[in-house]
Amino acid sequence: MSEFKAVRGMRDFLPKDAEKTRHVEQTARELAGLYGYEEVITPVVESYDLLTAKAGEEIRLRMYAFKDLGGRKVALRPEFTASIARLMATKLRTAPKPLRLFCVGSLYRYDEPQFGRFREFWQADYELMGSSKPEADAEILILMINLVQRLGIHNNYLKIGHMGILRGILSQEKLSEDQQNQIMQLLDKKRWEEALALVKGLNVSQQCLATLKNVFEIKGKEPALVIKKIMEEVKNYEKAVTAVENLKEILDIATQSNAKLEILVEAGFARGLEYYTGMIAEAFAPELDFALIGGGRYDRLIELFGGEPIPAVGFAAGIDSMILAMKKQKSTLTMSKEKRVLLMPFTPEMKPKVFEVSSMLREAGIPVEIEVMGRGASKALFDADRRGFAYAVLIGPEEAKTEKVVLKDLKKREQKTVEIKNLVKEIKAETY
Ligand code: HAM
């Protein structure tokens, strides 16, 4: 047995797991198509400065960063948003807006390996650029939940907040962006008390402390009611009021859209990434205590990278997290198992004919494997059965003379002699 194993936090995906990952990826891609999000592929390695610009402490300290052989400081991407913003500031600068982009792939964060947390993980990412309107945010929320629903994850809900509420209060108290970011990091980890203690130490007014304390308490599943409560609480903070109005508009569109949404509005909700400027959201399944999806509005990231000021909103769905939720809910997708066919020659001289017939079947979209172990019919058929093949096609010299083969239905345990020109039709006609 070799001593080599996968590096800590890294995983091998054996066929069954790989199939699940690719299936979720494909579902996400199809949904992107339905909403008009076009796929882009960006590099795994990006400049360190780009990736750290507004990522936040949490991600910055967990990056796989190194110098390449040319002495450039680079890192493995911990998320897609910075790469997309780079594209918008450069190659897609003049592209007509709105621009809807989708990407999927592996990301790297030196997180502590634990249930649901890996150092290499997969995301499907959707970004809508060019609109600051609430309907763009609403589209993102509905798309988020649509993805979760398509994967058969039930009882899901969205947690929604707005960065402008807390930042509106803190900036009116003259706290710097850095100080605000520190507070947001603590709130992201639900360390409310520590956040309050930190604010207290920064010489803010008593009114501010009281307001924050109350704001942290406001949450609920009736959006209209919660919005009213937040508005009442933050009425002395002008920017926070604007943020609540914006959140109300977004929620009005989303909730009146007839999309089946369960929404938890939380006034003290913050996300660790520093680029968020508006609505923020996470999707949950009740069985898991971490988010399946995270996202929000980031209106100033693209200009930070030297582009035009372009408002943007988007989210990233954790493919691994969604698969875990599916497993918990036993909603393993009914992946349509294709009818696989095993092709085997009865005699060695039939080998070329086997290849000829295999090409014909594959051209018709039928998955075919050729017997390459040189086994006799009974051993090969036993193995085909065990591996779940639907059919075996045996080609012998007698049948070949009249352009025929033997088609064995391994499920029904029946066999018949079929003309080669009718083989595709025969296989496709059968359902089981
Ligand atoms: P995020 O919240 O850092 O957001 O990640 C989104 C999702 O990726 C999480 O909800 C989780 O399911 C999954 N994820 C994150 N870290 C890990 C890990 N170590 N192992 C397994 N899964 C993980 C972002 O990445 C933002 N870029 C989202 C965004 C896009 N905001 C705007 N546009």
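My entries on the rings follow.

Entry one. I kept in mind that this is a predicted model. I began with a count: how many aromatic pairs does the structure hold? I got eleven.

Entry two. I picked the pair of Trp 192 and Phe 216 and looked up its geometry. The ring centres are 5.6 Å apart and the planes are at 45 degrees, so I noted this pair as tilted. Tilted covers what is left between under 30 degrees for stacked and over 60 for edge-to-face.

Where do Trp 192 and Phe 216 lie? I found Trp 192 in helix α8 (residues 192–200) and Phe 216 in helix α9 (residues 206–217), so the pair ties together parts that are 24 residues apart in sequence.

Trp 192 is partly exposed, at 23% relative accessible area, while Phe 216 has 9% relative accessibility and counts as buried.

Next I turned to Tyr 275 and Tyr 276, which form an edge-to-face pair, with 4.9 Å from centre to centre and 70 degrees between the planes. Are they buried or exposed? Tyr 275 is buried at 5% relative accessibility, and Tyr 276 is buried with a relative accessible area of 5%.

Entry six. I also came across an aromatic cluster, formed by Tyr 37, Phe 102, Tyr 126 and Phe 315.

Last, I looked for charges over rings. Arg 11 lies over the face of Phe 118, 3.5 Å from the ring centre. Over the ring of Phe 290 I found the charged end of Arg 117, at 5.4 Å from the centre.

Technical notes:
Residues numbered from 1 in each chain as written. Predicted model: local features only at pLDDT ≥ 70, side-chain atom pairs only at ≥ 80, totals over all residues. Heavy atoms only, no water. Phe/Tyr/Trp six-rings, centres within 6.5 Å; stacked < 30°, edge-to-face > 60°. Helix = DSSP H or I, 4+ residues; strand = E, 2+ residues; numbered from the N terminus. Buried < 20%, exposed > 50% of the residue type's maximum accessible area, 1.4 Å probe, protein only. Lys NZ or Arg CZ within 6 Å of the ring centre and 35° of its normal.
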